[in-house]
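I opened the model today to look up how its parts are held together. My notes follow in the order in which I checked things.

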Amino acid sequence: AGEAGHVAMAALGGGDAAVCFSAGVTEQGMCRLIRLQGDSVVVHEAAVVAASSLTRHWVLVPAGLGRALACYQSSEHAGQHRGVCRVVERSDAERRSAPNAAALGAVGDAGALGLGVGPPSVVSEGRTFDLALASLFDDTVLACFADASARDRGTCRVLWGPWVWRASEAHVCGGGDGAAAACVA
């Protein structure tokens, strides 16, 4: 329902998928759960706000059962186009009882399936374009992008999901932009 742009989708398993997009004229980042039931596609009405800033260039990759890593260009003020990633996950009853339940974003009806989002992780403070993701291991995703503030230099960052993404967090490993020197538990 409503205008959507920069649409991206990833399988969550069990007939579910997450779809994230830039909504309406504000291009606020939103995500919804889509479920295949028989031969029907059900789009859950309850959307979760993944980013309240202007968002563009969404890309998602599966990150374990019920989870995906979503990355996008975020502009909180004019001229900013930083690269941000966050975990998007199915927030059913099992997930809400997990230790990370308080960190999940709001979902619709507490008894219904929906999506939650983990905290944002900045992969690039520069002008980030052409994001691409690849799932390398159960707990590791490679994010590559063009950094227009560095003459379109191609850059890649490793994102690590502690405890196979169960903490709903994505940590940026190594590299510049204030990223940690290494990823360790």
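I began with the term salt bridge: a side-chain nitrogen of Lys or Arg within 4 Å of a carboxyl oxygen of Asp or Glu. I note that this is a predicted model, where local features need pLDDT of at least 70 and side-chain atom pairs count only at pLDDT 80 or more, while totals for chains, interfaces and linings use all residues. Residues are numbered from 1 along each chain as its sequence is written, and side-chain values use heavy atoms, with hydrogens and water left out.

**Entry 1: salt bridges**

I found seven salt bridges in the structure. In one of them, Arg35 meets Asp16 with N and O 2.6 Å apart. Arg35 belongs to strand 3 and Asp16 to strand 2, so this pair ties together parts 19 residues apart in sequence. Strands here are DSSP runs of E with at least two residues, helices are runs of H or I with at least four, and both are numbered from the N terminus.

Arg90 sits in strand 7 and Asp16 in strand 2, so parts 74 residues apart in sequence are tied together.

Are these residues buried or exposed? Buried means under 20% relative accessible area, exposed over 50%, and partly exposed in between, with a 1.4 Å probe and protein chains only. Arg35 is buried at 19%, Asp16 is buried at 4%, and Arg90 is buried at 11%.

I also looked at Asp147 and Arg153, whose closest N and O atoms are 3.9 Å apart in their salt bridge. Asp147 is buried at 5%, whereas Arg153 is partly exposed at 45%. Through shared partners, Asp16, Arg35 and Arg90 form one network.

**Entry 2: the chain as a whole**

I counted one helix and 13 strands. From the N terminus, the order is β-β-β-β-β-β-β-α-β-β-β-β-β-β. The chain has 185 residues, and 48% of them count as buried.

**Entry 3: strand 6**

I picked strand 6, residues 67-75, where nine of nine residues are buried. In a regular strand the side chains alternate between the two faces of the sheet. In strand 6, Arg67, Leu69, Cys71, Gln73 and Ser75 point one way, and Ala68, Ala70, Tyr72 and Ser74 point the other way.

I checked both turns. The hairpin of strands 5 and 6 has four residues between them, and Gly64 there has a positive phi of about 100 degrees. The hairpin of strands 6 and 7 has six residues between the strands, and Gly79 takes a positive phi near 90 degrees.

**Entry 4: nonpolar cores**

A nonpolar core is a set of buried Ala, Val, Leu, Ile, Met, Phe, Trp, Tyr and Cys residues joined through side-chain atoms within 4.5 Å. The largest one has 19 residues, and Cys31, Trp58, Leu60, Val88 and Leu115 touch the most other members. Strand 5 gives the most to this core, with five residues. A second, separate core has 17 residues, including Val59, Val61, Leu133 and Phe145.

Technical notes
Pairing = 2+ DSSP bridges.
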